[in-house]
Amino acid sequence: MSKYIDHSQYPHFGASIRTVLNAKGVTQAGIARKLGISKQHFGKILEARDIKVHLLLSICEAMGCSLDDLYNVARCGELNANLNDRNQ
C-alpha cells in the first residue's frame, strides 16, 4: 500500500477538506493548530498533488470526521447530515 493518496485518483480531497471545515465552522488555522503546523503549511497540504495517508487521517481526526466521510464528500460533493453534528 502506498504511503500517499494519489491526487490523480482522488483529486478533490483538498476541496472536500474545505467543505467539511466550512460546514463545521472550523478554520484552516484552527485545524493547523491542532496538527501542530502553520496555517501556510496546511494550505500547501490542501493544494498538494499527493497527500500522505497518515496526514490525511490526522486531518480527519482533527476535523471530527472519518476518511470515509471525506471520501464521500469528494465523491458526492455533499456532506452527510450526521457529519455536521459530530464533535460540536
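Visitor: At what angle do helix 1 and helix 3 pack?
Guide: This is a predicted model. Two packed helices are described by the angle between their axes and the distance between the axes. For helix 1 and helix 3, the axes lie 7 Å apart. They pack at an angle of about 125°.

Visitor: Are helix 1 and helix 3 parallel or oblique to each other?
Guide: Roughly antiparallel would need an angle over 145 degrees, and roughly perpendicular covers 65 to 115. The angle here is about 125°. Helix 1 and helix 3 are therefore oblique.

Visitor: Which residues in helix 3 do Gly 14, Ile 17, Arg 18 and Leu 21 in helix 1 meet?
Guide: By class, this contact has four nonpolar, one polar and two charged residues. Helix 1 contributes Gly 14, Ile 17, Arg 18 and Leu 21. On the helix 3 side they meet Phe 42, Leu 46 and Glu 47.

Visitor: How are helix 2 and helix 3 set to each other, roughly parallel or roughly perpendicular?
Guide: Their axes are 8 Å apart. The packing angle is about 100°. Angles of 65 to 115 degrees count as roughly perpendicular. Helix 2 and helix 3 are therefore roughly perpendicular.

Visitor: How many residues of the contact of helix 2 with helix 3 are charged?
Guide: Helix 2 brings Gln 28, Ala 29, Ile 31, Ala 32 and Leu 35. Helix 3 brings Lys 39, Phe 42, Gly 43 and Leu 46. Six of these residues are nonpolar and two polar, and the number of charged residues is one.

Visitor: Which residues in helix 2 are buried?
Guide: Helix 2 spans residues 28-35. The cover over its buried residues includes helix 1 (13-24), helix 3 (39-47) and helix 4 (53-63). The buried residues are Gly 30, Ile 31 and Ala 32.

Visitor: Why does Ile 31 count as buried?
Guide: Ile 31 lies in helix 2. Leaving out residues up to four places away in sequence, Ile 31 touches Leu 21, Val 26, Phe 42, Ala 62 and Met 63. Buried means under 20% relative accessible area. Ile 31 is buried because its relative accessible area is 1%.

Visitor: What separates the C-alpha atoms of Ile 31 and Cys 60?
Guide: Along the chain, Ile 31 and Cys 60 are 29 residues apart.

Visitor: What is Ser 16 in contact with, leaving aside its neighbours within four places in sequence?
Guide: Ser 16 lies in helix 1. Ser 16 counts as buried because its relative accessibility is 3%. Its contacts beyond those neighbours are Leu 70, Val 73 and Ala 74.

Visitor: In what order do the elements of the protein run?
Guide: The secondary structure comes to six helices and two strands. From the N terminus on, the order is β-α-α-α-β-α-α-α.

Visitor: What percentage of the residues of the protein count as buried?
Guide: The protein has 88 residues. It exposes about 5500 Å², with carbon and sulfur atoms supplying 47% of that area. The buried share of residues is 32%.

Visitor: Which element of the protein has the lowest mean pLDDT?
Guide: The protein averages a pLDDT of 79, and 73% of the residues score at least 70. Helix 2 has the highest mean among the elements, 95. Where pLDDT is low, the predicted coordinates should not be read in detail. The lowest mean, 51, belongs to helix 6.

Technical notes:
Residues are numbered from 1 along each chain as its sequence is written. This is a predicted model: local features need pLDDT of at least 70, side-chain atom pairs count only at pLDDT 80 or more; totals for chains, interfaces and linings use all residues. Side-chain values use heavy atoms; hydrogens and water are left out. Buried means under 20% relative accessible area, exposed over 50%, partly exposed in between (1.4 Å probe, protein chains only). Helices (H or I, at least four residues) and strands (E, at least two) are DSSP runs, numbered from the N terminus. Contact means heavy atoms within 4.5 Å. Axes are lines fitted to C-alpha atoms, for helices over the stretch in contact, and angles run from 0 to 180 degrees between N-to-C directions. Angles under 35 degrees count as roughly parallel, over 145 as roughly antiparallel, 65 to 115 as roughly perpendicular and the rest as oblique. Ala, Val, Leu, Ile, Met, Phe, Trp, Tyr, Cys and Pro count as nonpolar, Asp, Glu, Lys and Arg as charged, and the others, Gly among them, as polar. Accessible areas come from the Shrake-Rupley method with a 1.4 Å probe; for residues, only the protein chains shown count as cover. pLDDT is the predictor's confidence in each residue, from 0 to 100.
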